[in-house]
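Dear colleague,

I am passing on to you the structure that we spoke about, and I would be glad if you could look it over when you have time. My notes on what was found in it follow below.

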Amino acid sequence: MLVQAGAPETSGDNYDFAVTAYSSGTTAAFTGGASPAANLALAQAAVVVDLTGSAGADTLTGGANNDTISGADGADSIIGGGGGDVINGGSGNDVIHYAAASDSAVAAAATNGSTADLVTIGTGDTINVSAINTATVSTATAVILTGAIAAATTQNGTGLYGALTTAIGTVAASTNYIVKVTDSSTDTGGDGNFTGYWLVANGGNTTIDGDLLVRLTGITDTATFTSTSGVISIVPTAG
Ligand SMILES: [Ca+2]
Ligand SMILES: [Ca+2]
Ligand SMILES: [Ca+2]
């Protein structure tokens, strides 16, 4: 696991930490890990990861915390893991991977969507949710569903949940959605502002409960979405 220290490489700071977690399990901090992968997860959970990739094609992996991962140039592969991560692949055809709905906010009536990952979409980027489903996106040509959180609605997970449910309507179990949310309520509860574009990746339920929620930025109303076997390709704006 590479842990960035100080400024990114592009700023002239080339010194980062490489942490290797072993599988012996005799060190107290790692006794819960029975495999290298489990121990790596423990090590990643111990720190907030702030990674910036190189000019080449990098594989950047976060842990359970709220990590910041920037791919920079090159076609990068990025895994935020658990927590509300801030992910920007930078230039190049980057792939953002989701292994489970719990890697970002999980849709539930009482869950606050502010824990969702924030992913900046650039031209050529894809989001891979094939580990969650292999479904298509609801539209191949950019009809972005809309959902509004009314001003009178308490701005919390229920408000976001309701807006997404209203936008999607009768939920098909074999479809993913991009929903544009307009949050017109006052943020008196400190729950955040949910205005923006949300990827709702179907978790297999016939409601949105259990679905993966990822907040997308960098796209417009004219963005187009296509998908193959759960790999969602996004053209962020009409060109
Ligand atoms: Ca990149
Ligand atoms: Ca994370
Ligand atoms: Ca995450």
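I begin with one residue, Ile87, which, once its neighbours within four places in sequence are left aside, is in contact with Ile69, Ile78, Gly80, Ile96, Asp117 and Val119. Please keep in mind throughout that this is a predicted model. Ile87 and Ile121 are separated by 34 residues in sequence, while the distance between their C-alpha atoms is 9.1 Å.

Turning to the chain as a whole, its secondary structure consists of two helices and 18 strands, and of its 239 residues 40% count as buried. Among the contacts that join residues at least 6 apart in sequence, 49% link residues at least 24 apart.

The largest nonpolar core contains 46 residues, and those with the most contacts inside it are Leu164, Val179, Trp198 and Val200. The elements that contribute two or more residues to this core are strand E6 (77-79), helix H2 (157-168), and the strands E14 (175-183), E15 (196-201), E16 (212-217) and E18 (231-235); the largest share, six residues, is given by H2. In soluble globular proteins, nonpolar side chains tend to be buried together. As for Trp198, its contacts, leaving aside neighbours within four places in sequence, are with Leu164, Val179, Val181, Leu213, Val214, Arg215 and Leu216.

Ala72, which sits in the loop between strand E5 (68-70) and E6, has a phi near 55 degrees, a positive value in a residue other than glycine. Is Ala72 buried or exposed? Ala72 is buried, because 22 other C-beta atoms are found within 10 Å and the cut-off for a buried residue is 20 or more.

Ser229, in the loop between strand E17 (224-228) and E18, likewise is not a glycine and has a positive phi, of about 50 degrees. Ser229, however, is exposed, because it has 11 other C-beta atoms within 10 Å, and a residue counts as exposed at 12 or fewer.

With best wishes

Note on methods. Residues numbered from 1 in each chain as written. Chains lettered and ligands numbered in written order. Predicted model: local features only at pLDDT ≥ 70, side-chain atom pairs only at ≥ 80, totals over all residues. Core = buried A, V, L, I, M, F, W, Y, C linked by C-beta atoms within 7 Å. Helix = DSSP H or I, 4+ residues; strand = E, 2+ residues; numbered from the N terminus. Contact = placed C-beta atoms within 7 Å.
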